[in-house]
Amino acid sequence: MYADNQNDITRLVVRSAQLLLAYGADSDLVEELSQRLGKALGLASVELSISSNALVLTSLVHGRCITTTRRIRAHGINMMVVCELQRLCLLTEKGVYGANEVRRRLARIKPKTYPAKIVIPIIGISCASFCHLFGGDLMACVLTFLASSIGMAVRLYFAKRHYNLLVNFAITAFVTNVVAQIGYIFPITDTPQVTLAASVLMLVPGFPLINAISDMVKGHINVGISRWGNASLLTLASVIGITIAMQLGGIF
Amino acid sequence: MLSLLLDLLHDAFFSAIPALGFAILFNVPQRYLGYCALAGALGHSFRTLLMHFNMPIEWATFAAAALVGVITIQFAKRHLAPPLMYAVAAIIPMVPGTYAFNTVIALIQLTAQSQVSPELSALVIVNGLKTVFILGALAVGLALPSLLYYRNRPII
């Protein structure tokens with residue numbers, strides 16, 4: 001294997017690792033997939049060092065090492081990208097794809113998201129069924145649907161304009177909670193407190209939390225801790241929003 | 001017996017909806033959405049069944065998360081997709097949202113008062129401990145198959 005060839009393959013591998021981390025895969029998966037992809041493309045070994053916002057990768061062939069660093073900017077969770085990369089790795093391993101095909105497929109990966117007109121109502125219905133599971137009555141569920149749909153619309157609006165995620169969560173929690181307080185003002189439901197609890201559940205950072213613990217359990221302590229810190233900050237931001245809304249509404 | 005079955009079905013239906021909703025939020029590809037909903041329904045209704053037999057919520061969550069872990073690994077093998085993709089959406093209905101909410105609300109009330117009241121401190125401690133332990137049970141239960149069975153080999 002020639003030197004420029006090794007350069008090329010290392011770039012492909014580090015690109016796929018970068019995409020995986022940016023779109024929310026856990027460290028174990030990133031390490032496993034990039035090592036397998038590298039070996040399938042002919043590298044002798046691939047070593048990774050992952051931290052919270054950067055990635056260092058070294059590839060080794062015939063005693064020659066190439067080390068490269070990539071900055072990682074979190075783009076939010078997109079499982080379509082992760083799924084595509086997993087398939088790419090498996091097909092390369094089976095010998096279906098060579099380096100050129102891998103390069104072409106990597107260039108073609110685009111993070112597609114579901115349109116807002118699907119996401120907003122489905123999240124509203126999800127929070128309404130949380131409300132039902134927690135024992136809220138029908139009007140409480142309807143209110144939850146209303147509050148979380150409006151909240152989700154606000155969240156997508158601010159995410160589209162690239163606001164800081166913490167600011168976004170605080171504002172979303174505030175708006176959601178204000179709408180959910182209708183149940184306290186008008187006596188249409190007997191369980192207004194269930195509405196308050198269920199409507200903000202869409203802000204629970206489920207993916208970062210699970211990724212954090214799963215990373216720490218599998219030995220990636222530093223990434224796990226930073227993900228945990230991130231998830232705690234997001235929770236704290238939504239708590240600030242909720243607190244302001246509840247103190248304005250006078251519910252204490 | 002019949003009422004228990006109806007309860008479980010009711011539970012499965014209303015936990016499949018959030019699992020599906022959050023799978024859409026996480027941009028799971030369309031052809032796998034149904035599997036996320038199925039795993040979510042099975043997990044949550046299994047937890048309800050265990051809690052019906054007086055198992056504490058933490059242990060029931062642990063067992064249900066382990067079940068979700070096993071099921072989603074089967075899905076992942078069949079579709080060649082990462083197992084965590086199904087699993088995280090599937091356990092969203094079991095995330096201790098109300099406990100976390102109650103903890104935080106009690107904390108804020110504690111802050112608003114000028115002296116420490118034992119009732120509010122008790123609320124903070126009880127709900128906070130439940131939150132932490134249920135979250136831990138979820139994550140460790142989910143990782144259980146790869147910790148015990150797939151130790152040194154890849155899942156797919």
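This is a predicted model: local features need pLDDT of at least 70, side-chain atom pairs count only at pLDDT 80 or more; totals for chains, interfaces and linings use all residues.

Me: At what angle do helix 2 and helix 4 of chain B pack, and how far apart are their axes?

Reply: Helix 2 (residues 33-52) and helix 4 (residues 83-91) of chain B pack at an angle of about 50°, and their axes lie 8 Å apart. Angles that are not roughly parallel, antiparallel or perpendicular count as oblique, and therefore helix 2 of chain B is oblique to helix 4 of chain B.

Me: Which residues make the contact between these two helices of chain B?

Reply: Helix 2 of chain B contributes B:Tyr35, B:Cys36, B:Ala39, B:Gly40 and B:Gly43, while helix 4 of chain B contributes B:Tyr86, B:Ala89, B:Ala90 and B:Ile91. By class, the residues of this contact divide into 7 nonpolar, 2 polar and no charged.

Me: How many residues does each chain give to the contact between chain A and chain B?

Reply: Chain A gives 41 residues and chain B gives 37 residues. On the side of chain A that touches chain B, helix 5 of chain A gives the most, with 10 residues, and this side as a whole has 28 nonpolar, 9 polar and 4 charged residues.

Me: What should I note about chain A itself?

Reply: Chain A has 11 helices and 3 strands, its C-alpha atoms fill a box of roughly 75 × 30 × 30 Å along the principal axes, and 49% of its 252 residues count as buried.

Key:
Residues are numbered from 1 along each chain as its sequence is written. Chains are lettered from A and ligands numbered from 1 in the order in which they are written. Two residues are in contact if their C-beta atoms, placed from the backbone, lie within 7 Å. Helices (H or I, at least four residues) and strands (E, at least two) are DSSP runs, numbered from the N terminus. Ala, Val, Leu, Ile, Met, Phe, Trp, Tyr, Cys and Pro count as nonpolar, Asp, Glu, Lys and Arg as charged, and the others, Gly among them, as polar. A residue is buried if 20 or more other C-beta atoms lie within 10 Å of its own, exposed if 12 or fewer, and partly exposed in between; C-beta atoms are placed from the backbone. Axes are lines fitted to C-alpha atoms, for helices over the stretch in contact, and angles run from 0 to 180 degrees between N-to-C directions. Angles under 35 degrees count as roughly parallel, over 145 as roughly antiparallel, 65 to 115 as roughly perpendicular and the rest as oblique.
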